[in-house]
Amino acid sequence: MSETETIVAEEIAVESEPMLYRLSSPDLLIFRDGEEPMLEGRVVPYDEWSEIDSVVEGHFFERFAHGSFTKTLAERSDRVRVYFEHGRSKIFDSQPIAEIQATWEQPDGVYFRASLLDGLPDLFRDGLRRGLYGASVGAKVIKVDRSRSPQKTEHNPTGIEERTYKEMRAYDYSITPRPHYASATVALRSITDDLLVERLMEDPKRLLDLIARREQEPTEPQHSEPREEPDNQASEESRSTQPVHDYLNRKEGDPSWRL
């Protein structure tokens, strides 16, 4: 019997929640090289399972429920930016590279259309023409249904944890030069670890600290209210795959380090 619970990130705690980054297939990004160069593509598919195996996030299956981005698109679509590598590129840094003209939902997912800014390198534009880049999204989870012990299925033959995101908050869409996954059955690929490791390579001490903490500290599932457990049960009963620390978001007092 599966154990399912809805976990809601309270509004006051949302900003401290870790970001997740997901890359779509490059063939879902279209470049129109006209008088005003445009990008158009799908950044999030709806109701398609993807396996996530991440040092930061954990090992589980996930899917985005239809309508999970409805609220964020209605309330903050004008604040969603288009970056290269989520604003962590050595070339563009945190400068937007395109302006969103429209972003909307369809039955199969979230789409966007954006006009490229002037002055971008020819190398970058050529990569877009050749279909070498994919579109990715940076977002935070607001509501999620989590099944910790689901029945084994064709997409989840070992019965690991499943997450269905019911509400997301989008922060940016990005153009990302990541290798495409070979399996046609994969809807999205996590690039959270990729972004994290690249940042931490310039600060090995932080990288070692992350590894040490993941090995030594048991994690607890996130709830809208803290749950108290006896000390002798905490490590045995928890199967949470939530990260303990969010190293992708800079905190006050941290040294200045970025890609």
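Two strands pair if DSSP finds at least two bridges between them, and strands themselves are DSSP runs of E with at least two residues, just as helices are runs of H or I with at least four, all numbered from the N terminus. With that in hand, look at Pro45, which stands opposite Gly109 in β9.

A word on what you're looking at. This is a predicted model, so to speak of local features a pLDDT of at least 70 is needed, side-chain atom pairs count only at pLDDT 80 or more, and totals for chains, interfaces and linings use all residues. Residues are numbered from 1 along each chain as its sequence is written, and side-chain values use heavy atoms, with hydrogens and water left out.

Back to the strands. Pro45 and Gly109 belong to a pairing in which seven bridges join β4 to strand β9 (residues 109-116), and the two run antiparallel. On β4's other pairing, four bridges join it to β3, again antiparallel. Those two, β3 (29-32) and β4 (38-45), form a hairpin with five residues between them. How much of β4 is buried? Eight of its eight residues are, so the strand is largely enclosed by the rest of the structure. Buried here means under 20% relative accessible area, exposed means over 50%, and partly exposed is anything in between (1.4 Å probe, protein chains only).

Now for the charges on and around this hairpin. Side chains of opposite charge can pair when their charged atoms come close. The working cut-off for a salt bridge is a side-chain nitrogen of Lys or Arg within 4 Å of a carboxyl oxygen of Asp or Glu, and the structure holds 15 of them. One of these links Arg32 and Glu40, whose side chains meet at 4.0 Å, N to O. Arg32 is partly exposed, with a relative accessible area of 43%. Another salt bridge joins Arg42 and Glu48 at 3.9 Å, N to O. Arg42 is buried at 10% relative accessible area, whereas Glu48 counts as partly exposed at 31%. There's also a network of salt bridges that links Asp33, Asp126, Arg129 and Arg130.

Glu35, Glu36, Glu99 and Asp118 gather in a patch of negative charge on the surface. To be in a patch, a residue needs over 30% relative accessible area and no salt bridge; like charges are joined within 9 Å, and nonpolar side chains (Val, Leu, Ile, Met, Phe, Trp, Tyr) within 5 Å. For the bookkeeping, Lys and Arg count as positive and Asp and Glu as negative, with His and the chain ends not counted, and the place of a charge is taken as NZ of Lys, CZ of Arg, CG of Asp or CD of Glu. The areas come from the Shrake-Rupley method with a 1.4 Å probe, and for residues only the protein chains shown count as cover. Glu36 sits in the loop between β3 and β4 and is partly exposed, with a relative accessible area of 48%.

Next, follow the chain to β10. Of its 14 residues, 13 are buried, so this strand is largely enclosed by the rest of the structure. Which strands does β10 pair with? Strand β2 (residues 20-23) is joined to β10 by four bridges, running antiparallel, and Arg22 stands opposite Val137 there. β11 is joined to β10 by 13 bridges, also antiparallel, with Ser174 in β11 as the bridge partner of Ser136.

A salt bridge turns up here too: Arg146 and Glu161 have their closest N and O atoms 3.1 Å apart. Arg146 lies in strand β10 (residues 134-147) and Glu161 in the loop between β10 and β11 (162-176), so the pair ties together parts that are 15 residues apart in sequence. Are these two buried or exposed? Arg146 is buried at 1% relative accessibility, and Glu161 is buried at 4%.

Finally, some backbone angles. Most residues other than glycine have a negative phi. Asp47, in the loop between β4 and β5 (50-54), has a positive phi near 60°. Glu85, in the loop between β7 and β8 (98-106), has one near 55°. Asp47 counts as partly exposed at 44% relative accessibility, while Glu85 is buried at 8%.
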